[in-house]
Amino acid sequence: MRAQLSYQPQDERQASSLAAALARAGADVVPTADADADADAGADAAGTDAVVLLWSYAAQAAGVTAPAGGERVVPVRLDDCSLPPLLSHLPQVRLAVGVTDAAAAAIARLALTDPPVGDKGVEPELPVVISDFGPLGQYETCPRCGVGSDRLRPYVTVDHHDDRALRLVICGSCGWQDHGDL
């Protein structure tokens, strides 16, 4: 897979980590800082399978929009900033605890998966949102109530009774949680 990684300069650290993880997953990555890059960056990205668009409050503030030209786009949310309407219907990955190799593999899988073909008049399903919680795994929905992974939040706490630090995933709808040692 050959992917163009589009990001804002403020997101350079996450973009660099994700580029390395995508490379470990077998992808050829063409990084492009600033979504409004000039034509030279577009020429470097020619022949890519997908555009991996890092979405954050920095991208929203810069007024980034979906790439033109009918390219396959995989939005990767770095924070809780909502996607704009043109991107919100797409399958996406939310990096809840940072970049992991499992998240990079999910991004590569989404970039190579053909979008479902359907009637234009049919209301689309909710998009697939894969949230990566590092060692606690990846979730598309809450295992108990089934709400989308946007309602799941990472949390770190200390169990004073057993004297250990815990990493948790908690559902904001039903209270379900999973945990593991830090």
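Predicted model: local features only at pLDDT ≥ 70, side-chain atom pairs only at ≥ 80, totals over all residues.
Residues are numbered from 1 along each chain as its sequence is written, and side-chain values use heavy atoms, with hydrogens and water left out. Local features need pLDDT of at least 70 and side-chain atom pairs count only at pLDDT 80 or more, while totals for chains, interfaces and linings use all residues.

**Nonpolar cores**

A nonpolar core here is a set of buried Ala, Val, Leu, Ile, Met, Phe, Trp, Tyr and Cys residues joined through side-chain atoms within 4.5 Å. Buried means under 20% relative accessible area, exposed over 50%, and partly exposed in between, with a 1.4 Å probe and protein chains only. The largest such core has 25 residues, and Leu5, Leu18, Leu54, Val76 and Ile107 have the most contacts inside it. Two or more residues each come from strand 1 (2-7), helix 1 (12-24), strand 3 (50-55), strand 4 (73-77), strand 5 (92-95) and helix 5 (101-112). Helices (H or I, at least four residues) and strands (E, at least two) are DSSP runs, numbered from the N terminus. Helix 5 gives the largest share, 6 residues. Apart from this core lies another, of 10 residues, including Val51, Leu53, Val73 and Leu90.

Leu18 touches Leu5, Val52, Leu54, Val76, Val99 and Ile107, with residues up to four places away in sequence not counted; contact means heavy atoms within 4.5 Å.

**Sheet 8-9-10**

An open sheet of 3 strands has the order 8-9-10 with antiparallel pairing, where two strands pair if DSSP finds at least two bridges between them. Strand 8 and strand 10 (177-181) are the edge strands, each pairing on one side only. The twist averages 25° from one strand to the next, with axes as lines fitted to C-alpha atoms and angles from 0 to 180 degrees between N-to-C directions. Strand 8 pairs with strand 9 over 8 bridges; Pro154 has Val169 in strand 9 as its bridge partner.

The loop between strand 8 (152-159) and strand 9 (164-171) contains Asp163. Although not a glycine, Asp163 has a positive phi of about 55°.

**Cysteines and accessibility**

The whole structure has 0 disulfides, a disulfide being a pair of cysteine sulfur atoms within 2.5 Å. The sulfur of Cys142 is 3.6 Å from that of Cys174, its closest cysteine sulfur, and so too far for a bond.

| Residue | Relative accessible area | Class |
|---|---|---|
| Cys142 | 2% | buried |
| Cys174 | 25% | partly exposed |
| Asp163 | 66% | exposed |
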